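Biologist: Happy to have you here! Could we go through this model together, one question at a time?

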Amino acid sequence: MRSPRRRFLQGLGLLALADLMPGMGRAAPGMARGMVMAGRTMAANLAPPSIPLLNPLVLPRFVDPLPRPSVAQPVSHLEMPQWPGRRLPCYRIEARAFRRRLHRDLPPTLQWGYQGSVPGPVLEARSGEPLLVEWANELPQRHMLPIDHTIHGAGRDVPEVRMVTHVHGARVPADSDGYPEDWYPPGQSRRYLYPNGQDATTLWYHDHAMGITRLNIYAGLFGSFIIRDAHEESLALPRGAHDLPLMLCDRLLGRDGSLYYPVSDDPAAPWVPDCEGNAILCNGMLYPYLDVDPDRYRLRLGNAANTRFFNLSLSHQLPMLQIASDQGLLEAPLSRRQVELYPAERADVVIDFSALSGQHVELRHEGQAILQFRVSAAKTAAGRTLPARLNDVPRIPAGEAAKERRLVIGEQDDPSGSPLTMLLDGKRWSDPISEDPQQNSTEIWSFINVTGDAHPMHLHLVRFQVLDRRPFDLFAWNARRELVYTGPAQPPEAHEAGWKDTVRADPEMVTRIIMRFEGEPGRYVWHCHFLEHEDNEMMRPYQLLPARA
């Protein structure tokens with residue numbers, strides 16, 4: 001039986017490429033529980049590509065320098081009622097179309113980017129110091145990628161191009177969170193407040209417009225948002241030029257350099273539940289290189305792909321010391337030969353090049369080199385070690401939870417033969433709100449995954465801790481909606497023991513997370529971060545109610 005990934009590539013006329021690239025047709029490493037990737041639900045009939053597609057293996061590697069995103073600078077300072085007498089820095093970030101080469105030997109690619117760059121500029125903040133961002137839509141009136149107008153919120157009665165920006169992982173007021181229905185068309189902007197009342201961490205921002213998030217992010221609308229604090233700075237971690245955001249994504253490219261987004265063979269309903277490309281981009285570049293000193297570097301790894309997971313390793317058997325996950329520092333450095341990231345997950349790692357003067361080191365995905373580090377032959381820096389203790393991450397006691405919710409991750413077949421609809425707890429976006437935690441309360445959410453895919457689940461506003469995963473009997477659930485466990489609970493993996501905002505919910509497993517709903521009351525969302533799923537009903541609003549008096 002062909003793998004989902006091979007079926008997908010064959011539908012695009014790229015089966016030969018799948019044969020050439022190890023790992024392209026396999027389930028993710030670490031998925032020995034029988035998981036398969038999101039491609040399992042790929043629509044049976046894909047439309048043939050409208051353009052000749054590029055085989056990236058024909059391109060020479062490591063001929064372009066790795067782009068280092070610029071750091072955004074405020075354009076003004078404004079006073080807000082919440083902070084009388086205090087003027088907050090205000091940034092203006094424009095989303096606009098531009099053309100740039102993804103590789104030396106490719107024609108310039110049309111993309112959409114914040115400030116005309118992919119990724120967009122880095123927004124830097126300090127914990128507890130608020131700032132304002134005016135997100136401006138300066139995009140064209142027509143979309144560059146195929147819209148499915150049958151998807152909720154993407155009908156022909158709304159502007160074809162629209163945007164609203166969400167800072168993923170930020171603790172913000174509801175009216176600054178980037179609610180999917182708060183989109184606005186070209187020529188308009190919105191000013192959002194970011195209080196930054198959270199620990200030092202690597203966040204990221206991206207478009208979140210209802211029904212077209214997958215297309216807008218694929219076009220390039222994403223960037224890094226970094227919060228710093230005094231505690232992290234006291235640890236003497238790599239900084240300055242040795243502290244680098246590295247955002248990874250994948251794309252399908254035409255031989256003319258253009259972006260290609262796959263569609264179904266139904267022109268009236270082009271949505272497909274999976275989009276994985278064969279070209280891996282690092283900070284928007286294909287096969288780049290980075291000149292480094294023989295010293296320590298901090299890479300803030302982030303997965304900005306639509307549905308691809310990344311399984312990252314280094315050549316020379318060089319370990320990566322993971323120091324942080326989604327929501328900040330781990331308790332202690334964690335040595336890892338491989339770092340696995342699902343969409344929207346982040347991992348800050350420290351790499352020590354001090355013993356490799358004059359050599360080249362590769363960052364690899366599934367064994368294939370995607371980035372080359374060129375270590376200078378300069379004198380090796382004096383040996384330095386990371387602190388044995390990085391942070392305190394007190395566990396939230398399960399007994400503190402005021403409520404436990406059982407939430408089903410599922411799929412619904414369409415008898416007409418249309419693609420599957422992806423649902424959360426059997427509900428669509430437009431159904432009444434059913435999750436309504438109290439402000440400052442603690443809850444446990446149990447994701448019951450009855451699909452064959454692992455889904456990266458994300459909650460806006462809050463950070464959480466992973467409690468455990470436990471296998472259950474899918475037949476008993478389907479027959480009687482009875483939750484019958486078939487094995488013991490499995491504790492979170494070591495790299496998941498810190499604060500998270502996105503969790504991998506494995507198939508035929510109950511994944512439990514616990515969180516305190518600290519933040520301002522209002523309307524937020526929770527969803528699967530496979531963008532194709534999110535755009536087709538696998539997203540739900542939740543209402544944070546005011547604390548009881």
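Modeller: Gladly. Buried means under 20% relative accessible area, and exposed means over 50%. Keep in mind that this is a predicted model.

Biologist: Does E443 count as buried or exposed?

Modeller: E443 lies in strand β26, which covers residues 442–449. Its relative accessibility is 3%, and the cut-off for burial is under 20%. E443 therefore counts as buried.

Biologist: Which side chain does the side chain of E443 join in a polar contact of 2.6 Å?

Modeller: Let's take the side-chain partners of E443 in turn. The side chain of W445 makes a polar contact with that of E443 at 2.9 Å. Beyond four places in sequence, E443 touches several residues, including A401, K403 and I514. The 2.6 Å polar contact joins the side chain of E443 to that of R405.

Biologist: Thanks! Over to strand β6: how many of its 7 residues are buried?

Modeller: Strand β6 spans residues 131–137. This strand is largely enclosed by the rest of the structure, because the number of its 7 residues that are buried is 6.

Biologist: And which residue of β6 does I93 stand opposite?

Modeller: Strand β3 (residues 87–100) pairs with β6 in the parallel sense, over 6 bridges. The residue of β6 opposite I93 is W135.

Biologist: Last one: what is the bridge partner of L131 in β8?

Modeller: β8 takes in residues 189–194 and runs antiparallel to β6, with 6 bridges joining them. The partner of L131 in β8 is Y194.

Key: Residues numbered from 1 in each chain as written. Predicted model: local features only at pLDDT ≥ 70, side-chain atom pairs only at ≥ 80, totals over all residues. Heavy atoms only, no water. Helix = DSSP H or I, 4+ residues; strand = E, 2+ residues; numbered from the N terminus. Buried < 20%, exposed > 50% of the residue type's maximum accessible area, 1.4 Å probe, protein only. Polar contact = N/O pair within 3.5 Å; in protein donor to acceptor, adjacent residues only side chain to side chain. Contact = heavy atoms within 4.5 Å. Pairing = 2+ DSSP bridges.
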